[in-house]
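Me: I'm new to this one and would like to go through it step by step. Could you help me find my way around?

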Amino acid sequence: MTFYWIDLGLIVAFSAVVLGCLYGMRRNGKWSHSIVVHAIYLLSVTGLLLTVNTVIDQLLVHYKVTLIQPDFIDDLTYVAIGLAVIEEMFHLINRLTYAQVQKGSDRTSATSVARVLKMAIVLSLVLLFGEHLGLSLSGLLAFGGFGGIAIGIAGKDVLSNVFSGVMLYFDRPFNLGDWIRSPDRQIEGSVEEIGWRMTRITTFDNRPLYVPNSLFSSISVENPGQMRNRRISTSINVRYEDAAKINAIITDIRAMLRGKPSIDLKQDLLIYFNEFGEYSLNIMVYCFTKTTNWAEWLDVQQDVYLKIIEIVHNNGADFADPKQVISIEKAEATG
């Protein structure tokens, strides 16, 4: 009976440590991020499971219970320890991934490496505990071979999505956080997650859109998020009676754009009188901003447009209004 009291004391001690670690990790942020605390927690869980396993084995022998075999209890214990190890290792990998992203590492690369590490841990534990569960390495490999064929036949679409997800990582048509759109499909939004099977995109009306990875191998994808500049392109419609002022307006607009630090002068800067419209003389304005941020681009474009209005009016000209032209024509026809 002495052994039972010792085991009971160990169970109480390990349980107290486990509960204390869980309480501390939930209440204290430093505890939840402490590797030492997680190591103590994992060791305590392992010790608790092994002690409980020993007690159950002793009770089965003492009371001569044959319905439940000790080997079955041992297998359950190994599985529980393996799950606890997987949980803690996954937590550590998630922490390291977050830390790398905070340091400036590419989020897509960090997430992909984390998934590979998690898969390697699971496979390693399966091979390690498989021996204790009575599964030989050759048997596991043989099962994997036949199972792979069966899974490949039954779930080719799933495998296609998984392999496409791997190719998305290597080809990098887009990264996490990029704004993408497809001219072939109604797909547009920000990439939130590149999963094993699907990519989650948040549309501009904040709705989640889940796209199978294999679809990206058969459609065109435009990635405005990787563009180096944003374009400003518009046409200024000046009245025909202001034809003598066109050249001065063009010169002033060109000077204004060249003097703005937000305009990229290494790109095309085109300001030309390019069309005789039905009711106006049209001036093309074509340039690129240095920023690619949508809100900043809108601010720069607005400032350019306001400056253009000011330039046109400062030159004593005005913008063409088709309604006024039509009214004048009607007045002349009736007069």
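Predicted model: local features only at pLDDT ≥ 70, side-chain atom pairs only at ≥ 80, totals over all residues.

Me: Which way do strand 1 and strand 2 run, and how many bridges join them?

Reply: Strand 1 and strand 2 run antiparallel and are joined by 4 bridges; within that pairing, arginine 181 stands opposite glutamate 188 in strand 2.

Me: And which residues of strand 1 are on its covered face, and which on the uncovered one?

Reply: The covered face of strand 1 carries Ile180 and Ser182, while Trp179 and Arg181 are on the uncovered face. As a general point, side chains in a regular strand alternate between the two faces of the sheet.

Me: What is the strand order in the open sheet of 4 strands?

Reply: That open sheet has the order 1-2-3-4, with antiparallel pairing. Strand 1 (179-182) and strand 4 (208-212) stand at the edges with a single partner strand each, so one side of each has no neighbour in the sheet. From one strand to the next, the twist averages 45 degrees.

Me: What about strand 2 and strand 3, how many bridges there?

Reply: Strand 2 (residues 187-194) pairs with strand 3 (residues 198-202) in the antiparallel sense over 4 bridges, and in this part of the sheet valine 191 stands opposite isoleucine 201 in strand 3.

Me: Now the loop between strand 3 and strand 4: is asparagine 206 buried or exposed?

Reply: Asparagine 206, which is found in that loop, has a relative accessibility of 66%, and because exposed means over 50%, asparagine 206 counts as exposed. Its phi is near 65 degrees, which is a positive value in a residue other than glycine.

Me: Changing topic, what is the order of the open sheet of 3 strands?

Reply: The order in that sheet is 5-7-6, and the pairing is antiparallel. Its edge strands are strand 5 (230-238) and strand 6 (270-276), each of which pairs on one side only, and the twist averages 20 degrees from one strand to the next.

Me: How many bridges are there between strand 6 and strand 7?

Reply: Strand 6 and strand 7 (residues 281-289) pair over 6 bridges in the antiparallel sense, with phenylalanine 276 having leucine 281 in strand 7 as its bridge partner.

Me: Where is tyrosine 286, and which residues is it in contact with, leaving aside neighbours within four places in sequence?

Reply: Tyrosine 286 has its place in strand 7, and, with those neighbours left aside, tyrosine 286 is in contact with Arg231, Ile232, Ser233, Asp268, Leu269 and Leu270. The C-alpha atoms of tyrosine 286 and leucine 270 are separated by 5.0 Å, although the two residues are 16 residues apart along the chain.

Me: Which strands does helix 8 lie across?

Reply: Helix 8 (residues 246-258) lies across strand 5, strand 6 and strand 7, and runs at about 150 degrees to strand 6. Helix 9 (residues 294-314) also packs on the sheet, where it touches strand 5 and strand 7, and its direction makes about 25 degrees with that of strand 5.

Me: At what angle do helix 8 and helix 9 pack?

Reply: Helix 8 and helix 9 pack at about 145 degrees, with their axes 10 Å apart, and helix 8 passes helix 9 in a right-handed crossing. The contact brings Ile249, Asp252, Ile253, Met256 and Leu257 of helix 8 to Val304, Lys307, Ile308, Ile311 and Val312 of helix 9. The residues of this contact divide into 8 nonpolar, no polar and 2 charged.

Me: Which residues touch the most other members in the largest nonpolar core?

Reply: That core has 23 residues, and the ones touching the most other members are Ile236, Ile253, Leu257, Ile271, Ile283, Val304 and Ile308. Strand 5, helix 8, strand 7 and helix 9 each supply at least two residues of the core. There is also a second, separate core of 12 residues, which includes Ile187, Val191, Leu215 and Phe216.

Me: Last one, how many helices and strands does the protein chain have?

Reply: The protein chain comes to 10 helices and 7 strands, and of its 335 residues, 32% count as buried.

Notes
Residues numbered from 1 in each chain as written. Heavy atoms only, no water. Pairing = 2+ DSSP bridges. Axes fitted to C-alpha atoms, helices over the stretch in contact; angles between N-to-C directions. Contact = heavy atoms within 4.5 Å. Buried < 20%, exposed > 50% of the residue type's maximum accessible area, 1.4 Å probe, protein only. Left-handed = near helix turned anticlockwise from the far one by under 90°. Nonpolar A, V, L, I, M, F, W, Y, C, P; charged D, E, K, R; others polar. Core = buried A, V, L, I, M, F, W, Y, C linked by side-chain atoms within 4.5 Å.
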